[in-house]
Amino acid sequence: MTSARGDRRDRHGAALVAAVLAGLMLLTGCASLPESSAPQALGTINRAPTSQGPTPPISGRDPDLLLGDFLTASADPTDRHAAARQYMAPETAASWNDEASTTIVDDRPDTLRESRSGDKASYVLRARKVGELAGDGGYRAVEGTLENKIEMSKIDGEWRITELPPGVVMDNDAFVKSYHHYVLNYIDPGSSLLVPDPRWISVPRAQLTERLIGMLAEGPQAAIAPVVRNQLAQPVSLRGPITKANNEPGDVGIGIGGVRIDFAGIGALGPRDRELLAAQVVLTLAGADILGPYVLLADGKPLDDRYAANGWSVADVDQYSASAPGQNRIGLHALRNGTLVQVTPDGIVTPSGSFGEATNLQSVGISADGQFVAAVADSGKPLPEPARTLLIGNYGAKAFAVAEGATIARPSWTSDGGAAWTVIDGDRVVRAVTDRATGNVTTEDVDISALFDGAGAPRAPINEVVVSRTGVRAALIADGKVYVAVVVRRPDGKYALTSPLPLALGLSSRAVSLSWVTGDTVMVAREGNVDPVFTVSIDGSQFSPVTSQNLTPPVRVVTAAPATQYVGDSRAVLQLQTADPTRNDRFWREVPGLTGERVVPVLPS
């Protein structure tokens, strides 16, 4: 796991790798359950304790040291933080509200003794806050200083806490040892892709499968709940316990053996909805390294007869993954001296049409299918006339102007190629909507009023907006800081950006460019020479600097896809080598033919 530490390098980074066991033959006895099995609501699966019992406090411990032990024990949530309650006086342990909040701090808090005399002691805990954990496992990056007062007394010869604020405090090291990052999956509005919903969970491996399925059924986090679907919602329920694929109980999800889940209440679902249900379950479990095959049943019978013999695998539903590498049909392009060019195995090619003929382009976005291009051009007009023009056109054809502004951000396309998003003058987010049937383009303002509400909200100017492949989230840079917001389509068909979450707090320099890598990870370029490129998870919990080997800052632009990432630095366009982020030999390699400070890489949105 990677800590939420702004500029600090990750000390616990580890990628969760989804693995699939294919070809395992299933036993014939796994096709049905006893008719007497009662349906079990998915959200009420029993959550057993994570251990046989917490280690008791050390006898005779000095209060200063005991307080440190208490903070370590606070990272274990088992039985309502039973381990931490051992360090309290009985009446304090009974009244402490551990559900009030969970705050993660950067390092072990400073323990400042205010007073100590006889059998009484008073301390102040002070630390830098980096995150907050909600009851549903949702993480939010935060900034600020925590300051808690702790009172202690000697009871029967042992120091115990007698007074403390409600809520749990733990340092980041303890957090990443006790909790692990998993991703639940819900369905986008178009029912074509799964929307990642990251959570942090502390649970024994043997209970992880049940916990994930239970949380999946409880539903998405509040911010995205209005814009996603969940096939595991009521009336869907479990028809019996989750077992291994051959119907054996115990140690489900540990090692080989697969998973068997029998659902009730899905008889009315059609083939497409059943496949989406399978995609939610399979990709959620596979992302947690819970191996298949995944035997999914409906009232004791196969959920889909195509997978009755061998169960489901990741390959059967991978087309729904927002993090799966897309089919880049047109490959890498670039802006070179104001002209759009294509990088081919035979060298650099200039396409026909307006974008290949222009010499004044500042930035470009190409739709995923390669059909449409949106570009920002230097208008050539004298001040106070608008200095920039937004151009839209078919690839290889003529372009026409659809908007003007003093500044226009790099445009990016929705995954279906229906609209290009950009920012005009730092305070207007617009969609240039293309009618494929007629070729007409209309511009619509996006409501961004909700972005600026509340403490810690983004501040203008907005420098860049990029919509995710699912269309549910947008990553943005506002006043040099990075955020992710939710894209809401209102009943009148207009769009709004809501529920902004800050990412990569504590940066010492301004962000200048960003791009989605996967459905839950964004790559960012920033000013300066120290870690000029990094990735950050959409909840802000995982910050990972990307190697700077061979880069010559400043890095001006980043453009990314799951399988490949490019930057434009002060001298050239470079591609990140070695797809495995756990290896230490990653480096940036120059793309032949794309040198110069005015060269910018362009990948299809």
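This briefing describes selected helices, strands and side-chain contacts in one protein structure. The model is predicted. It holds 26 salt bridges and 10 aromatic pairs.

**Helix H1**

- Helix H1 spans residues 63-73 and is mostly covered, with 8 of its 11 residues buried.
- The buried residues of H1 are Pro 63, Leu 66, Leu 67, Gly 68, Asp 69, Phe 70, Leu 71 and Ala 73.
- An α-helix has 3.6 residues a turn, so residues three or four places apart point the same way.
- The cover over the buried residues of H1 includes one helix, H2 (78-85).
- It also includes strands, among them E2 (110-117), E3 (120-133), E5 (145-155), E6 (158-163) and E7 (168-171).
- The N-terminal end of H1 is capped by Asp 62, which has a side-chain oxygen 3.1 Å from the backbone nitrogen of Asp 64.
- Within H1, Asp 69 is one of the buried residues, and its side chain forms a salt bridge with that of Arg 61 at 2.8 Å, N to O.
- Asp 69 has a relative accessibility of 17% and therefore counts as buried, since the cut-off for buried is under 20%.
- Arg 61 has a relative accessibility of 23%, so this residue counts as partly exposed.

- Four strands form an open sheet in the order E10-E11-E12-E13, and their pairing is mixed.
- E10 and E13 (301-302) stand at the edges with a single partner strand each, so one side of each has no neighbour in the sheet.
- E11 (residues 259-264) and E12 (residues 294-298) pair in the parallel sense over 5 bridges.
- One of the residue pairs here is Ile 261 with its bridge partner Leu 296 in E12.
- Helix H6 packs on this sheet and touches E11, E12 and E13.
- The direction of H6 makes about 145 degrees with that of E12.

**Aromatic rings**

- The structure holds 10 aromatic pairs.
- One of them joins Trp 421 and Tyr 495 in an edge-to-face arrangement, at 6.2 Å centre to centre and with 80 degrees between the planes.
- This pair links distant parts of the chain: Trp 421 is in strand E22 (residues 419-424) and Tyr 495 is in strand E28 (residues 495-503), 74 residues apart.
- Trp 421 and Tyr 495 are both buried.
- Elsewhere, ring pairs link Tyr 139, Phe 175, Tyr 179 and Trp 200 into a cluster.

- Side chains of opposite charge can pair when their charged atoms come close.
- Asp 273 and Arg 229 form a salt bridge through their side chains, at 3.3 Å, N to O.
- Asp 273 is in helix H6 (residues 271-287), while Arg 229 is in the loop between helix H5 (205-218) and strand E10 (237-238), and the two are 44 residues apart.
- With a relative accessibility of 24%, Asp 273 counts as partly exposed.
- Arg 229, at 31%, is also partly exposed.
- A further salt bridge joins the side chains of Asp 447 and Arg 490, at 2.7 Å, N to O.
- Asp 447 lies in the loop between E24 (441-445) and E25 (462-467), and Arg 490 lies in the loop between E27 (481-489) and E28, so their pairing ties together parts 43 residues apart in sequence.
- Asp 447 counts as partly exposed at 25% relative accessibility, and Arg 490 counts as partly exposed at 35%.

**Gln 577**

- Gln 577 is found in strand E35 (residues 572-577).
- Its relative accessibility is 12%, so Gln 577 counts as buried.
- A polar atom of the Gln 577 side chain lies 3.2 Å from the backbone oxygen of Gln 575.
- The Gln 577 side chain also makes a polar contact with the side chain of Arg 589, at 3.2 Å.
- Apart from neighbours within four places in sequence, Gln 577 is in contact with Arg 586, Phe 587 and Arg 589.

Methods
Residues are numbered from 1 along each chain as its sequence is written. This is a predicted model: local features need pLDDT of at least 70, side-chain atom pairs count only at pLDDT 80 or more; totals for chains, interfaces and linings use all residues. Side-chain values use heavy atoms; hydrogens and water are left out. Buried means under 20% relative accessible area, exposed over 50%, partly exposed in between (1.4 Å probe, protein chains only). Contact means heavy atoms within 4.5 Å. A polar contact is a pair of N or O atoms within 3.5 Å; within protein, one must be able to donate a hydrogen and the other to accept it, and residues adjacent in sequence count only if both atoms are side-chain atoms. Rings of Phe, Tyr and Trp (its six-membered ring) pair if their centres lie within 6.5 Å; planes under 30 degrees apart count as stacked, over 60 as edge-to-face and the rest as tilted. A salt bridge is a side-chain nitrogen of Lys or Arg within 4 Å of a carboxyl oxygen of Asp or Glu. Two strands pair if DSSP finds at least two bridges between them. Axes are lines fitted to C-alpha atoms, for helices over the stretch in contact, and angles run from 0 to 180 degrees between N-to-C directions.
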